[in-house]
Amino acid sequence: MLGRTHTAIALAATAAVIKDPVQLPLSLTIAAASSLLPDIDTPDSMLRHQLNKYTGILTFPALITAGYFLFKYKYFSLPGLILYLIYLVLAFIGPHRGFTHSLAGFSIFIIILFVSDKAIILPAIIGYCTHLAADLLTSSGIPLLYPYNKSFKIPLVRTGSLLDILIGLAFGLMFMAILFQKFI
Ligand SMILES: [Zn+2]
């Protein structure tokens with residue numbers, strides 16, 4: 001699915017489960033970043049595209065720098081940072097919808113979270129899980145058992161189609177409605 005659809009779904013789900021308004025800004029930021037992270041293995045993904053605009057070939061160094069700051073400000077522990085770097089390397093050298101969309105990639109992501117700051121665990125899991133679930137509903141599916149190449153899918157939506165755009169729009173509206181209802 002489109003990057004903005006992934007982000008809209010993750011934001012709506014996070015706003016629905018977060019109770020403390022103080023946690024909301026960090027939680028929404030982490031959920032949005034996690035909802036885009038699996039697509040760093042594709043050069044035309046929203047996250048890579050945006051980073052490329054500012055950093056060119058320095059996209060991966062930029063992601064490494066982001067990891068360093070997460071470590072410096074204690075969101076990542078040292079083992080979390082090391083695993084994050086391994087995750088980036090495996091994402092970079094693998095094919096699109098490969099490692100990052102598999103159970104192996106998801107497991108490394110979960111371990112990174114559980115050795116890091118507790119405040120980021122829930123929104124990060126929401127962002128990543130909703131991404132994998134949404135891609136499961138596309139015609140390309142996801143290779144859950146990567147490097148074994150079988151694609152798992154329930155093909156209901158084509159990436160970039162009108163339905164994809166409408167789903168993004170619907171979740172965007174839902175996100176705003178939840179914010180108004182719970183936090184204003
Ligand atoms: Zn994806």
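Student: Where is K74 found?
Tutor: K74 sits in the loop between α4 (59–72) and α5 (78–93). Keep in mind that this is a predicted model.

Student: What's its phi like?
Tutor: The phi of K74 is positive, about 70°, although K74 is not a glycine.

Student: And is K74 buried or exposed?
Tutor: K74 has 63% relative accessibility, so it counts as exposed.

Student: Which other residue has a positive phi without being a glycine?
Tutor: R97 has one, at about 50°. R97 is in the loop between α5 and α6 (103–114).

Student: Is R97 buried or exposed?
Tutor: R97 is buried, with a relative accessible area of 13%. The cut-off for buried is under 20%, so R97 falls on that side of it.

Student: OK, zooming out. How many helices and strands does the chain have?
Tutor: There are 8 helices and 0 strands. Going along the sequence, the pattern reads α-α-α-α-α-α-α-α.

Student: What's the radius of gyration, and what would a compact globule have?
Tutor: The chain comes out at 16 Å, and a compact globule with 184 residues would be near 16 Å, so the two agree. The C-alpha atoms fill a box of roughly 40 × 40 × 30 Å along the principal axes.

Student: How much of the chain counts as buried?
Tutor: That's 43% of the 184 residues. The accessible surface comes to about 9,600 Å², and 75% of that belongs to carbon and sulfur atoms.

Student: What share of the contacts comes from residues 24 or more positions apart?
Tutor: Among contacts with a separation of 6 or more, such residues account for 60%.

Student: Now the metal. Which residues coordinate the zinc ion?
Tutor: The zinc ion is held by D39 (OD), H101 (NE2), H131 (NE2) and D135 (OD), at 1.9 to 2.3 Å.

Student: What spacing do those donors follow along the chain?
Tutor: The spacing is D-x61-H-x29-H-x3-D.

Student: Good to know. How many residues are in the largest nonpolar core?
Tutor: The largest core has 23 residues, and those with the most contacts inside it are I40, Y84, Y87, L88 and Y128. The elements giving two or more residues to this core are α4, α5, α6 and α7.

Student: What does Y87 touch?
Tutor: Leaving out residues up to four places away in sequence, Y87 touches L37, P38, I40, F99, T100, G105, I108, I112 and Y128. Apart from that core lies another one, of 9 residues, among them L11, A12, A15 and L24.

Student: Where is A15 found?
Tutor: A15 is in helix α1 (residues 3–17). A15 counts as buried because its relative accessibility is 0%.

Student: What are the neighbours that A15 touches?
Tutor: Again not counting residues up to four places away in sequence, A15 touches L28, F175, I178, L179, K182 and F183. I111 is another story: A15 and I111 are 24 Å apart in space, C-alpha to C-alpha, and 96 residues apart in sequence.

Definitions and conventions: Residues are numbered from 1 along each chain as its sequence is written. This is a predicted model: local features need pLDDT of at least 70, side-chain atom pairs count only at pLDDT 80 or more; totals for chains, interfaces and linings use all residues. Side-chain values use heavy atoms; hydrogens and water are left out. Helices (H or I, at least four residues) and strands (E, at least two) are DSSP runs, numbered from the N terminus. Buried means under 20% relative accessible area, exposed over 50%, partly exposed in between (1.4 Å probe, protein chains only). A nonpolar core is a set of buried Ala, Val, Leu, Ile, Met, Phe, Trp, Tyr and Cys residues joined through side-chain atoms within 4.5 Å. Contact means heavy atoms within 4.5 Å. Donors are N, O and S atoms within 2.8 Å of the metal (3.2 Å for Na, K and Ca); water is not among the atoms, so sites may look incomplete. The radius of gyration is taken over C-alpha atoms; the globule rule is 2.2 Å times the number of residues to the power 0.38. Accessible areas come from the Shrake-Rupley method with a 1.4 Å probe; for residues, only the protein chains shown count as cover.
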